[in-house]
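Here is a short walk through one protein chain. Keep the sequence and the 3D view open as you read.

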Amino acid sequence: MHPSEVLFQGKRQPLLLPACDHYAGSEKLMLKSMALQQELGPLFDITFDCEDGATAGAEPEHAQMIVRLLNDDGNRHNRIGVRVHDVDSPFFEGDLAVIVGGAAQRLAYVVLPKANGAQDVARAIEAINLHAAKGGRITPMPVHVLVETHGALREADAIAAQPQVECLSFGIMDFVSSHYGAIPGAAMRTPGQFTHPLVVRAKLEMAAACHAHGKVPSHNVTTDIKDSAVVANDAQRAAAEFGFTRMWSIHPDQIKPILKAFTPRLSEVNEATNILTEGKNASWGPISQNGRLHDRASYRYYWTVLQRAKLAGLALPDAAAALVNDPQPAT
């Protein structure tokens, strides 16, 4: 049996998404992002931004431009999503009618900002599904939710539990601002964002909610766009200390450092390959390697390491590729 069939019997396989979510707000930046994705491959996602990207008064034209780019041949990998206006905005329904209705089969996901709780998300999903069906989409439209309000944080578990939600993203600037000075502005960036108790609590609760439901926690943006070492450090800390598996980018120079930080090291890939190969040879029973016990619990961990490496575009050893490639259908 394929490892995915053996190791996750009765358990939900965790969702895996590219480790970087790159935001672009203007047509010029969107085209640059698409060109980079064509060059690197679908190693990172692109999110076209309606909320902060559109010029005031030109929201309908902005949405039409996004539809044109989504349906263009330049959207080679169908890994471009869109952040729409919030559910209470007068532009929310228009965004859905134009973008989801007009590019339902090319759109990778819809990002919902400023949700105040699970009810807002459920209401938005109902509207998204209506327009997606009108656009001819058969499969459910994936939804990403920004956690940036007190209500969304309080109901993060209920939001992550909704089947169509595949990712929660932490919106640090709105979250800090919502405390009206009780959290200092320095907590929007390093080191404060990793040390202030209220911000740490928010990140950990959101990440825990995601992992409880097999969803993807996405870390907030690094506002320093000139020093790639800063975004690399933020990404490493987000992954190693807070359990995030994805992170925002707001500048093309941030993409590669983020991908590198979230990609398993070659030594981890080799270790996972050796352990899973021995486990497979033992019919997925317990084994001892280098004096350490491994069983199906640890096999699931190492199988995920290989899946993340594959998603990041690493050239896997033949033995590893055989373990993570989709099982061939029975003939």
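This is a predicted model. Start at helix 11, whose buried residues are Gln254, Ile255, Pro257, Ile258, Leu259, Ala261 and Phe262. What do the buried residues of helix 11 pack against? Their partners are strand 1, helix 2, helix 10 (228-242), strand 8 (246-249) and helix 13 (296-311). Helix 11 itself runs over residues 252-262.

Helix 2 covers residues 27-40. Met30, Ser33, Met34, Leu36 and Gln37 are its buried residues. Seen down the helix axis, these buried residues fall within an arc of 165 degrees, so they line one face of helix 2. Turn to the other side and you find Lys28, Lys32 and Glu39, which are exposed. The cover over the buried residues includes strand 1 (20-24), strand 2 (45-49), helix 3, strand 3 and helix 11. Just after helix 2 comes Gly41, with a positive phi of about 95 degrees.

Now step back to the whole chain. Its secondary structure comes to 14 helices and 10 strands. A compact globule of 331 residues would have a radius of gyration near 20 Å; the chain has 20 Å, so the two agree. The C-alpha trace spans about 65 × 50 × 35 Å along its principal axes. Of the 331 residues, 53% are buried.

An unreviewed UniProt entry annotates residues 46-252 as "domain: HpcH/HpaI aldolase/citrate lyase". Over residues 46-252 the chain is 43% helix and 14% strand. The end C-alpha atoms of this stretch are 11 Å apart.

Next, look at single residues. Is Asp73 buried or exposed? Asp73 has a relative accessible area of 68%, which is over 50%, so it counts as exposed. Its place is the loop between helix 3 (59-70) and strand 3 (80-83). Asp73 and Glu205 are 132 residues apart along the chain, and their C-alpha atoms are separated by 40 Å.

Val176 sits in helix 8 (residues 172-177). Its relative accessibility is 2%, under the 20% limit, so Val176 counts as buried. Leaving out residues up to four places away in sequence, Val176 touches Ile183, Pro184, Ala187, Met188 and Val199. One of these, Ala187, is 11 residues from Val176 along the chain, and their C-alpha atoms are separated by 7.4 Å.

Follow the chain on to Pro191, in the loop between helix 8 and helix 9 (197-212). A cis peptide bond joins Thr190 and Pro191, with omega about 5 degrees.

End with two residues in one loop. Ser283 lies between helix 12 (266-281) and strand 9 (287-289), and Trp284 is found in the loop between helix 12 and strand 9 too. Phi is positive in Ser283, near 55 degrees, and positive in Trp284, near 65 degrees. Neither residue is a glycine.

How values were computed
Residues numbered from 1 in each chain as written. Predicted model: local features only at pLDDT ≥ 70, side-chain atom pairs only at ≥ 80, totals over all residues. Heavy atoms only, no water. Helix = DSSP H or I, 4+ residues; strand = E, 2+ residues; numbered from the N terminus. Buried < 20%, exposed > 50% of the residue type's maximum accessible area, 1.4 Å probe, protein only. Expected span 1.5 Å × (residues − 1). Arc of directions from axis to C-beta. Contact = heavy atoms within 4.5 Å. Rg over C-alpha atoms; globule rule 2.2 N^0.38 Å. UniProt positions renumbered as here; feature names shortened; annotations may be inferred.
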